[in-house]
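Q: Please take a close look at the place where the two parts of this chain meet, and describe what is found there.
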Amino acid sequence: MKKIAVLTSGGDAPGMNAAVRAVVRKAIYDGVEVIGVNRGYAGVIDGDFVKLDKSSVSDIIQRGGTFLRSARCDEFRTKEGRQKAAEQLRKEGVEGLIVIGGDGSFTGAMLLNEETGIRTIGVPATIDNDIACTDDAIGYDTAMNTIIDAISKIRDTASSHERAFVIEAMGRHAGFLTLAAGLAGGAESILVPEMKFDMDKVCENIQAGYEEGKIHSIILVAEGVEMDGQEFTTNRDVNESNAFLIGKEINERTGFETRVSILGHIQRGGSPTGRDRLLASRLGAAAVNAVLSGETNKMVGLIHNKVEVAEIRDAIEGNKEFDEELYELANILSI
């Protein structure tokens, strides 16, 4: 194999640049040319390619985001679009494609391989950390630490004004990030999509803490938390997030002055932690090893601190198990 390509796709995650750096330098070490694809799958279809060398990836390991950029591409969702992408790659002489992203990006890589024969390897990068076949995804640790830092800062003002704060973290379908950040940040309540919650219990905990002398409460909520089966005393605006509804309900039931803070895309940015840089470097290099050894339609991941190669379909279709024991521990330690 003489030439491979690398792209970043889907939501950006801190550490993507470190992964690209590892891909480029490991491939060059192995005597293989590397082509960078700008703007994800849209760039493949458009032939937006750039040759990458060692200097191209200098001074990027500490940068957040992705210098190759990312973009949505409806055309690539079609079979015709994927055929066009394959033609562009073959025209460029690319024999293998490394895709750094989440499950949507992996789906594109899988279909591209199955329909066109282009060799593909996936590298998991998503702050949600919801990809099966790997313990951690690139960007997860950095996002967790960003949330922890936000909790600490919000707790300062919550204590100063004797308030409860509902903080919304990212996680539309998964609560891995919210649980880890909530436990490490000392949140009094953690609400995630995987676990049903009792609004009465949330309010009782806040009230009990207040009676014991606690002058603030932090309720960390994943954006996709389920609200079914909950009875609320407040009316909901159709455009309001669940976090605002929960904040209103806490105020209504407890009388505790409550504020809501939605962290939003701040969680995606920032310089990656050392742990994310290390993970990205290991997985980027492993992806090169995989594609050069003839693997295709696979992903590289980290299981018990060991790099493993799995079927990309298993990563897409598998359900990553939510750690209920960790959730229970968070509840115990929040008392």
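A: In this predicted model, the protein chain is divided into domain 1, which comprises 3–138 + 272–317, and domain 2, which covers 140–269. The centres of domain 1 and domain 2, taken over C-alpha atoms, are separated by 34 Å. Where they meet, 15 residues of domain 1 are in contact with 13 residues of domain 2, and the area buried between the two domains is about 1200 Å², with carbon and sulfur atoms giving 56% of that area.

As for polar interactions, 6 residue pairs are in polar contact between domain 1 and domain 2, counting pairs with both residues at pLDDT 80 or more. By class, the side of domain 1 that touches domain 2 is made up of 5 nonpolar, 4 polar and 6 charged residues. The interface of domain 1 and domain 2 also holds 1 salt bridge; Asp 141 forms a salt bridge with Arg 275, and the closest N and O atoms of this pair are 4.0 Å apart.

Asp 141 also takes part in a polar contact of 2.7 Å, which joins its side chain to that of Thr 273. Thr 273 is found in the loop between strand 9 (258–262) and helix 9 (274–292), and, leaving aside residues up to four places away in sequence, Thr 273 touches Asp 141, Thr 142 and Asn 145. With a relative accessible area of 19%, Thr 273 counts as buried, because the cut-off for that class is under 20%.

Technical notes
Residues numbered from 1 in each chain as written. Predicted model: local features only at pLDDT ≥ 70, side-chain atom pairs only at ≥ 80, totals over all residues. Heavy atoms only, no water. Domains from an automatic or database assignment. Contact = heavy atoms within 4.5 Å. Buried area = accessible area lost by both parts, 1.4 Å probe. Salt bridge = Lys/Arg side-chain N within 4 Å of Asp/Glu carboxyl O. Polar contact = N/O pair within 3.5 Å; in protein donor to acceptor, adjacent residues only side chain to side chain. Nonpolar A, V, L, I, M, F, W, Y, C, P; charged D, E, K, R; others polar. Helix = DSSP H or I, 4+ residues; strand = E, 2+ residues; numbered from the N terminus. Buried < 20%, exposed > 50% of the residue type's maximum accessible area, 1.4 Å probe, protein only.
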